[in-house]
Amino acid sequence: MELLRILLRSNRFMAGFWIVTAVLAFALLGPTLLTDVGPFQRVGGLFNPPSRDALLGTDNFGRDVFTQLMYGTRTSLYIGLVAGFVATFIGVTIGTLAGYASGVIEEALMGVTNVLITIPPIVVLILLSVAVDARTATTMGIIIGVTAWPWTARAVRAQTSSLRTREHVAIARISGVGSLEMMLVEILPYMFSYIFMAFILQLTGGILAEATLSMLGLGPFQTVSLGTLLHWSLLWESVRVGAWWAFIPATVFLSITTFSLILMNAGMDEIFNPTLRHTR
């Protein structure tokens with residue numbers, strides 16, 4: 001509750017939070033309240049301009065861009081959430097184990113982590129995406145997540161190494177608390193704010209990674225996302241024919257979503273990083 005009260009006092013965090021909430025409402029409630037057609041249902045001709053029947057015009061197949069924008073935002077957010085959870089879970093697990101165990105275990109875990117950091121993530125993402133037979137939204141989220149955890153692991157390892165020497169951990173160790181309980185009870189709760197910040201960054205990275213893969217033609221099958229909207233726009237040269245409605249809305253929503261998440265993270269960083277706090 002104290003953490004919540006602190007966050008409510010951050011203008012940056014609250015601004016980002018309300019923008020994200022509006023985007024979520026648009027993605028989750030929009031398809032039910034604002035349209036009665038499906039994302040793949042044809043409602044007009046090729047690149048029809050915005051009109052009363054199609055508020056954001058139609059795409060290269062005559063499908064309603066406004067409807068696709070709602071479904072696409074939902075898919076991109078879902079993939080980002082899956083990627084964020086997977087990357088944060090793996091990174092926190094490996095970082096905590098390495099920081100608490102130290103010695104050979106720390107060297108082995110961080111050695112693997114450092115090697116993976118040197119490999120460009122986009123190369124691994126492309127190879128894994130091509131290798132998958134059925135790229136569902138969940139599969140894409142998992143693929144992105146398992147390639148994005150190393151930086152979180154390194155940061156969590158540093159935090160854990162610092163917490164391991166604190167007085168409350170020493171007291172728990174003397175009391176006979178086991179290693180697993182020590183990490184779950186005496187270390188992880190003290191890193192909750194940082195873990196949440198890491199999750200926000202992983203969520204943002206997941207959304208952008210999905211957009212990148214989809215624009216390369218490696219997006220999820222049989223669904224629509226913000227990235228696939230941009231892919232179709234590039235493939236059918238909507239810029240050349242002047243069909244701005246085919247690519248600008250998706251670009252704007254992608255920018256707004258990622259910006260609001262970064263704003264939330266900046267607000268949290270300002271709160272929990274003493275060097276960034278405003279002196280009063």
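Which loop does T147 lie in? T147 sits in the loop between α6 (137-146) and α7 (150-163).

## What we're looking at

This is a predicted model, where local features need pLDDT of at least 70, side-chain atom pairs count only at pLDDT 80 or more, and totals for chains, interfaces and linings use all residues. Residues are numbered from 1 along each chain as its sequence is written, and side-chain values use heavy atoms, with hydrogens and water left out.

The chain has 12 helices and 0 strands; helices (H or I, at least four residues) and strands (E, at least two) are DSSP runs, numbered from the N terminus. Read from that end, the elements go α-α-α-α-α-α-α-α-α-α-α-α. Along its principal axes, the C-alpha trace spans about 75 × 50 × 30 Å. Of the 280 residues, 46% count as buried (under 20% relative accessible area, with exposed meaning over 50% and partly exposed in between; 1.4 Å probe, protein chains only). Take the contacts (heavy atoms within 4.5 Å) between residues at least 6 apart in sequence: 72% of them join residues at least 24 apart.

## Helix α3, end to end

Helix α3 (65-101) has 37 residues and reaches 52 Å from its first C-alpha to its last, close to the 54 Å expected at 1.5 Å a residue. That expected span is 1.5 Å times one less than the number of residues in the helix. Mostly covered, α3 has 27 of its 37 residues buried.

Both ends have something to show. D64 caps the N-terminal end of α3, with a side-chain oxygen 3.4 Å from the backbone nitrogen of F66. The cut-off for a polar contact is a pair of N or O atoms within 3.5 Å; within protein, one must be able to donate a hydrogen and the other to accept it, and residues adjacent in sequence count only if both atoms are side-chain atoms. Just after α3, S102 takes a positive phi of about 55°.

## The cavity

How many cavities of 30 Å³ or more are there? The count comes to 1, and the largest cavity holds about 60 Å³ of space. Here a cavity is a set of points, on a 1 Å grid over the protein atoms alone, where a 1.4 Å probe fits but cannot get out; lining residues have an atom within 4 Å of a point. Grid points are joined across faces, edges and corners, and a volume is the space filled by probe spheres set on the points.

The lining of the largest cavity is made of D59, N60, V65, Q68, L229, W232, S233 and A246. Helices α3 and α11 (226-235) each supply at least two of the lining residues, and α11 gives the most, with 3. By residue type, the lining divides into 4 nonpolar, 3 polar and 1 charged (Ala, Val, Leu, Ile, Met, Phe, Trp, Tyr, Cys and Pro count as nonpolar, Asp, Glu, Lys and Arg as charged, and the others, Gly among them, as polar).

## Buried residues worth a click

A polar atom of the T147 side chain lies 2.9 Å from the backbone oxygen of I144. Not counting residues up to four places away in sequence, T147 touches P121, V124, L125 and L128.

S161, in helix α7, is also buried, at 18% relative accessible area. Its side chain reaches the backbone oxygen of R157 at 2.9 Å. Setting aside neighbours within four places in sequence, S161 is in contact with G99 and E106.

Beyond its neighbours within four places, M268 is in contact with L7, F13, S193, F196 and M197. The C-alpha atoms of M268 and F196 are separated by 9.1 Å, with the two residues 72 apart along the chain.

Is F47 buried or exposed? F47 lies in the loop between α2 (11-33) and α3 and is buried, with a relative accessible area of 11%. Although not a glycine, F47 has a positive phi of about 50°.

Q222 lies in the loop between α10 (192-215) and α11. Phi of Q222 is near 55°, again a positive value in a residue other than glycine. Q222 is exposed, though, with a relative accessible area of 80%.

Notes:
1 Å grid on protein atoms, 1.4 Å probe; cavity = no way out; pocket = protein on both sides within 12 Å on 5 of 7 lines; lining within 4 Å.
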